[in-house]
Amino acid sequence: MSSFIELNEVGKQYVVKKQTFKALSDVQLSIEEGQFVSVVGPSGCGKSTILRILAGLEEATTGEVLVDGVPVTGPGADRGMVFQTYTLFPWLSVRENIQFGLKLKGIPLTIRRKMADRFIELIKLEKFANAFPNQLSGGMKQRVAIARALAANPKVLLMDEPFGALDAQTKMDMQEMLRDIWRAEQTTVVFITHDIDEAIYLSQRIVLMAAGPGRIIGEYEVDLPSERDLLTRELPAFLNLKRELIQRLKHD
Amino acid sequence: MANESTTKATKHGRRSVWQVLRPISTSLYVMMALASFMIVLVVWSLLSYGGFVEQIFLPPPIEVAKQFFTNITSAEYWEHIGISVFRVFGGFMLACLIGIPLGILAGTFKIGEALVEPQMEFIRYMPAVAFIPLVMVWAGIGEWAKILIIFIGCFFQLVLMVAVDTRRVSHDLIQAAMTLGATRWQLIESVIFQALRPHLMNTLRLILGWAWTYLVVAELVAVNSGLGYQIMKAQRFLNTSEIFVGILVIGLLGLICDRIFAYLNKRFFPWAS
Ligand SMILES: Nc1ncnc2c1ncn2[C@@H]1O[C@H](COP(=O)(O)OP(=O)(O)OP(=O)(O)O)[C@@H](O)[C@H]1O
Ligand SMILES: [Mg+2]
């Protein structure tokens, strides 16, 4: 019965100046192991809130959250996260940033280094291994953030609009790279975006949300070949799904 | 652009150096800085050589310069400098040793804040000078008394400023570390303290400046050594040149410390800017 990730009737209320505000209501969601799922919805519908609850950075007011059968009670290394803002540690080099989670676990330096180098290769930043974050472009920073999260070997990778601040071309390159990484690593990914093209291109399944209160209004399977490239964005299946999603969002 | 236009287009098309935030060349910067010193020197000379103010109140620059060189070439004066530096750093280090951990505690945990901050806020408005009689009762008139005065002058402010610095560490960085599996202690050690360092250095730099000002207070009574004592003694004999030199030397020592801190900050934390 139980999936890898389970959100059961999750609700979230904020109290601001004695007024309660319903950010999430009755969110029901299950995600299988190894799946790439995107959550799409308008600004303020509670996408980040869901992700932060999953990460354990915030507490659900009602309902329960299970990851691999274990209730979430706080943040942990089993749920890696990539933020929309740049969150690399500025005093550490690219390599040291990627090793950070491994160092926390007390993994010896030689092993840690080897593992980090594999991820540096994966994000194609070999030339920048010893550079510091203030020497990197926005796209490079997010690549390092992804590598840093993956190096800690999480069961789930949570991504909150990681490419939101990037220009169109960089964004496409990053999407392609993320697809490759996901296919190589087989990690479960929950990806948040308000870019419908991005969601379709990346995911196997799309969860649609609406605001007032934040809730799920639909789930869509993405029926595209797992081998995807630029041309994928012009396939009828792609365009049809896109039209359907836009219409559903408009109606709400 | 500015270089080309210097010869031709001085009248029109040249940007004003007073344009808001406009950068200027290093040579112009140095020239202006020197000019500001010159102005003070000229006004000072006019006042004293022109006979507007009596020598006993305002000694001419040359007298102060002479006194300065007499002093810094005498071994005895260096002993006074030495003991003052010792007191300043003694009080400052003691304040750091206790104040930095307390500040981090108050900035990291809300409960730490409740335990530490209201208390510090309360005490910091009590003037350090007023503690002198009390300190003499507690610590006598030995070195500890002086160190304690400087400590009192620095400590409470230091704790509050470190707490503010700590609270300003990016929450995103802290949360990123949490999702990488950092324990509470690891967060403090590997994220909060690391991110804090450059701000901490700036705070320490400010506080050390204060330590120098409290030095004079600490050497106000029951002393027979140190730069503050030299100033006090000179006042008794109406030796204004000596007072000027005392103030100047303390100022210079403070400036040197400040520059060293600024340099170390640039050297060790290039990522911070
Ligand atoms: N700490 C908080 N206190 C009060 N209200 C909050 C808080 N955090 C979020 N909210 C509210 O909850 C709602 C959902 O916020 P959330 O950040 O999850 O939206 P989002 O879907 O991620 O939006 P965006 O696409 O703009 O990032 C918003 O209306 C927001 O104002
Ligand atoms: Mg958001």
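This is a predicted model: local features need pLDDT of at least 70, side-chain atom pairs count only at pLDDT 80 or more; totals for chains, interfaces and linings use all residues.

Biologist: In which helix is the place of A:A199?

Modeller: Look along chain A to residues 196–202. That stretch is a helix, and A:A199 has its place there. The name of the helix is α6.

Biologist: Is A:A199 buried or exposed?

Modeller: A residue counts as buried when its relative accessible area is under 20%. A:A199 has a relative accessible area of 0%. Leaving aside neighbours within four places in sequence, A:A199 is in contact with A:S38, A:V40, A:T193 and A:I206. With its value of 0%, A:A199 is buried.

Biologist: Which residues does A:S93 touch, not counting those up to four places away in sequence?

Modeller: Start with the loop between β6 (79–82) and α2 (94–104) of chain A, where A:S93 is found. A:S93 is buried, with a relative accessible area of 7%. The residues A:S93 touches are A:A129, A:N130, A:A131 and A:F132.

Biologist: Now for charged pairs. Which side chain meets that of A:E58 in a salt bridge?

Modeller: A:E58 counts as buried, because its relative accessibility is 18% and the cut-off for buried is under 20%. Its side chain takes part in a salt bridge with 2.7 Å from N to O. The partner is A:R52.

Biologist: How many residues apart are B:R87 and B:E219?

Modeller: B:R87 forms a salt bridge with B:E219, and their closest N and O atoms are 2.5 Å apart. The pair links distant parts of the chain: B:R87 is in helix α4 (residues 75–108), while B:E219 is in the loop between α9 (184–218) and α10 (227–236), and they are 132 residues apart.

Biologist: And how many salt bridges does the structure hold over all chains?

Modeller: Some of them join up: B:K110, B:E113, B:E117 and B:R167 are linked in a network of salt bridges. Over all chains, the number is 18.

Key
Residues are numbered from 1 along each chain as its sequence is written. Chains are lettered from A and ligands numbered from 1 in the order in which they are written. Side-chain values use heavy atoms; hydrogens and water are left out. Helices (H or I, at least four residues) and strands (E, at least two) are DSSP runs, numbered from the N terminus. Buried means under 20% relative accessible area, exposed over 50%, partly exposed in between (1.4 Å probe, protein chains only). Contact means heavy atoms within 4.5 Å. A salt bridge is a side-chain nitrogen of Lys or Arg within 4 Å of a carboxyl oxygen of Asp or Glu.
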